[in-house]
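Here is a short report for a first look at a model. Please keep the sequence and the structure in view while reading.

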Amino acid sequence: MATLHKLEVLRDVYPNEVELDLVLVKLLEVALNQQRLRLERYERDLRQFEKCYSMESATFHQRFEAGELGDAMDFFEWAGLYELRQDVLKKIGCLESAL
């Protein structure tokens, strides 16, 4: 079933806009909690890299993108993790603004 059709079904089941809004808020809260859990995992892993290399992730990422640090496999993992964290932060912001 297509996503828009599912939304239409919910609208039919909950014709009262207040009730439908409550259902959607609950769904947004679940999604927000999932993203916050991801953020916690990413931040925990980033702290390990920061401790190991004595450098904050933002500084590392800027230097890595500028080509200043080489191409160690750890650096690619760290950069990817940092970018995932940034993406999750954007998603959290979007979800929070919708609530």
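## Ground rules

This is a predicted model, in which local features need pLDDT of at least 70 and side-chain atom pairs count only at pLDDT 80 or more, while totals for chains, interfaces and linings use all residues. Residues are numbered from 1 along each chain as its sequence is written, and side-chain values use heavy atoms, with hydrogens and water left out.

## Helix 3 against helix 4

Two packed helices are described by the angle between their axes and the distance between the axes. Helix 3 covers residues 57–65 and helix 4 covers residues 73–98. Helices here are DSSP runs (H or I, at least four residues), numbered from the N terminus; strands would be E runs of at least two. The axes of helix 3 and helix 4 lie 10 Å apart, at an angle of about 120°. Axes are lines fitted to C-alpha atoms over the stretch in contact, and angles run from 0 to 180 degrees between N-to-C directions. The crossing of helix 3 with helix 4 is left-handed. That term applies if the near helix is turned anticlockwise from the far one by less than a right angle; clockwise gives right-handed.

Which residues in helix 3 and helix 4 meet? Helix 3 brings Ser57, Ala58, Phe60, His61, Phe64 and Glu65. Helix 4 brings Phe75, Phe76, Trp78, Ala79, Tyr82 and Glu83. Contact means heavy atoms within 4.5 Å. By class, this contact of helix 3 with helix 4 has eight nonpolar, two polar and two charged residues. Nonpolar covers Ala, Val, Leu, Ile, Met, Phe, Trp, Tyr, Cys and Pro; charged covers Asp, Glu, Lys and Arg; the others, Gly among them, are polar.

## The nonpolar core

The largest nonpolar core has 17 residues. Such a core is a set of buried Ala, Val, Leu, Ile, Met, Phe, Trp, Tyr and Cys residues joined through side-chain atoms within 4.5 Å. Buried means under 20% relative accessible area, exposed means over 50%, and partly exposed is in between (1.4 Å probe, protein chains only). Phe60, Phe64, Phe75 and Trp78 have the most contacts inside this core. Helix 2, helix 3 and helix 4 each give two or more residues to the core. Helix 4 gives the most, with eight residues.

Trp78 touches Leu46, Phe49, Glu50, Tyr53, Met55, Glu56, Ser57 and Phe60, not counting residues up to four places away in sequence.

Is Ser57 buried or exposed? Ser57 is buried, at 4% relative accessibility. Its place is in helix 3. Leaving aside neighbours within four places in sequence, Ser57 is in contact with Leu46, Glu50, Trp78 and Tyr82.

Gln35 sits in helix 2. Gln35 is also buried, at 9% relative accessibility. With residues up to four places away in sequence not counted, Gln35 touches Val88, Lys91, Ile92 and Leu95.

Ser54 lies in the loop between helix 2 and helix 3. Ser54 is exposed, with a relative accessible area of 67%. Its phi is near 50°, a positive value in a residue other than glycine.

## Salt bridges

How many salt bridges are there? The count is six. The rule asks for a side-chain nitrogen of Lys or Arg within 4 Å of a carboxyl oxygen of Asp or Glu. One of them joins Glu96 and Arg36, at 2.8 Å from N to O. This pair links distant parts of the chain: Glu96 is in helix 4, Arg36 is in helix 2, and they are 60 residues apart. Glu96 is partly exposed, at 40%. Arg36 is partly exposed, at 35%.

Glu29 pairs with Lys26, with the closest N and O atoms 3.8 Å apart. Both belong to helix 2 (residues 17–53), where three residues separate them by about one helical turn. Glu29 is partly exposed at 31%, whereas Lys26 is exposed at 55%. Glu68 forms a salt bridge with Arg63, the closest N and O atoms being 3.0 Å apart. Arg63 is partly exposed, at 32% relative accessibility.

## Spacing along the chain

Asn16 lies in the loop between helix 1 (3–13) and helix 2. Asn16 and Arg38 are 22 residues apart in sequence, and their C-alpha atoms are 34 Å apart in space.
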